[in-house]
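Reader: I have some questions about the terms used for this model. Please set each value against its definition.

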Amino acid sequence: MKTRKSLLTAVIGAALTFGVSAQAFAATTLKLSHNHTRDHAVHKAMDAMAKEVRKTTDGEVRIRIYPDAQLGSQRESMELMQNGALHMVKTNAAELEAFAPAYSAFNMPYLFRDQAHFYATQEGQIGEEILESSRDSGFIGLTYYDAGARSFYTNKPINTPEDLKGLKVRVQPSPSAIAMVEALGGNPTPLAYGELYTALQQGVVDAAENNIPSYGMSRHSEVSKYFSLDEHTMVPDVLVISTDAFDGLSEEHQQAVKTAALNSMQLMKTLWAESEKEERVKAEEIGVKFVNVDKAPFVTAVQPMYDDVKKNNPELFALIERIQSVK
């Protein structure tokens with residue numbers, strides 16, 4: 001693993017020689033890594049952002065996108081960015097919990113009342129504070145992308161928390177995600193996303209949790225035929241940029257990049273809604289059953305997580321209360 005990371009750093013570093021550090025008369029090229037396919041809604045949103053940045057800066061700033069985890073997993077890409085070998089990464093709040101504690105709030109189950117509450121939090125003062133909270137880690141957030149609600153899927157209906165007992169559930173490498181599955185009675189199993197299809201197919205894990213488009217586009221619908229709509233979390237994707245890269249831009253170019261990122265967030269809302277509908281229809285056509293569940297038992301089961309945060313992390317609990325009060 002270390003050898004691979006070193007090689008990636010060296011190769012990408014060489015390729016960036018004419019990137020952010022380019023000569024004054026050359027275009028600044030920002031390299032952006034993400035782990036989705038080109039037909040994923042988030043790639044389309046970021047592609048629109050890249051085109052807007054190129055247009056509004058008269059080609060002086062360009063964003064080159066590397067999809068499909070070409071440059072490594074989300075975690076590897078984050079490390080490459082911190083090492084200066086990448087400029088931008090599309091990641092998510094669960095991954096970012098390890099870099100900036102404020103992102104932990106997004107990973108609390110049943111935090112948001114509805115989608116409107118989710119959007120209002122991101123687009124208000126709290127959302128901007130969280131995006132800025134990682135500056136000491138060498139990067140800041142530019143914008144959020146809708147990633148829908150996450151629910152459990154496996155080969156049997158999950159109607160209550162009791163149905164999760166004893167199941168090995170793949171989770172993201174997030175302390176909050178691990179704690180949630182434990183609270184619901186499952187056995188959390190952190191696993192790289194790229195390994196999940198085979199793990200589900202071979203029984204290495206019994207279940208996973210994600211949004212509908214990711215479930216369908218990653219073909220997990222082929223090996224897990226029940227998608228239970230418990231909608232336990234709404235964890236946004238986050239577009240981040242290294243502080244070295246951002247601070248190296250002129251104020252005019254910084255504003256152009258930030259504005260394009262925010263515009264792409266609004267575009268993503270439309271693209272995401274379309275993708276959810278499309279992928280659900282595709283899944284149903286191959287025999288997937290979508291199960292509506294009573295969320296009340298799930299909400300009750302995870303309440304100890306909030307009690308624990310209140311007792312042991314007053315600063316995070318204060319942030320959670322601020323989010324809960326957003327109108």
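Reader: Which residue in strand 3 stands opposite Ser33?

Author: Val89 in strand 3 stands opposite Ser33. This is a predicted model, where local features need pLDDT of at least 70, side-chain atom pairs count only at pLDDT 80 or more, and totals for chains, interfaces and linings use all residues. Residues are numbered from 1 along each chain as its sequence is written, and side-chain values use heavy atoms, with hydrogens and water left out.

Reader: What makes strand 1 and strand 3 (residues 88-92) a pair?

Author: Two strands pair if DSSP finds at least two bridges between them. Two bridges join strand 1 to strand 3, and the strands run parallel. Therefore they meet the definition. Strands here are DSSP runs (E, at least two residues), helices are runs of H or I with at least four, and both are numbered from the N terminus.

Reader: How many bridges join strand 1 to strand 2 (residues 61-66)?

Author: Six, in the parallel sense. Leu32 stands opposite Ile65 in strand 2.

Reader: Why is strand 1 (residues 28-33) called largely enclosed?

Author: Six of its six residues are buried, so the rest of the structure largely encloses strand 1. Buried means under 20% relative accessible area, exposed over 50%, partly exposed in between (1.4 Å probe, protein chains only). Thr28, Leu30 and Leu32 point one way, and Thr29, Lys31 and Ser33 the other.

Reader: Why does His117 count as buried?

Author: His117 has 1% relative accessibility, and the cut-off is under 20%, so His117 counts as buried. His117 is found in helix 5. Leaving aside neighbours within four places in sequence, its contacts (heavy atoms within 4.5 Å) are Leu111, Phe112, Ile323, Gln324 and Val326.

Reader: How do you know that the buried residues of helix 13 (residues 314-324) line one face?

Author: The buried residues are Leu316, Phe317, Leu319, Ile320 and Ile323. Seen down the axis of helix 13, they fall within an arc of 155°, so they line one face. The arc is that of the directions from the helix axis to the C-beta atoms. On the other side, Pro314 and Glu315 are exposed.

Reader: What do the buried residues of helix 13 pack against?

Author: They pack against helix 5 (115-123), helix 6 (125-132) and helix 12 (296-312). In the contact with helix 6, Gln125, Ile126, Glu129 and Ile130 meet Leu319, Arg322 and Ile323 of helix 13.
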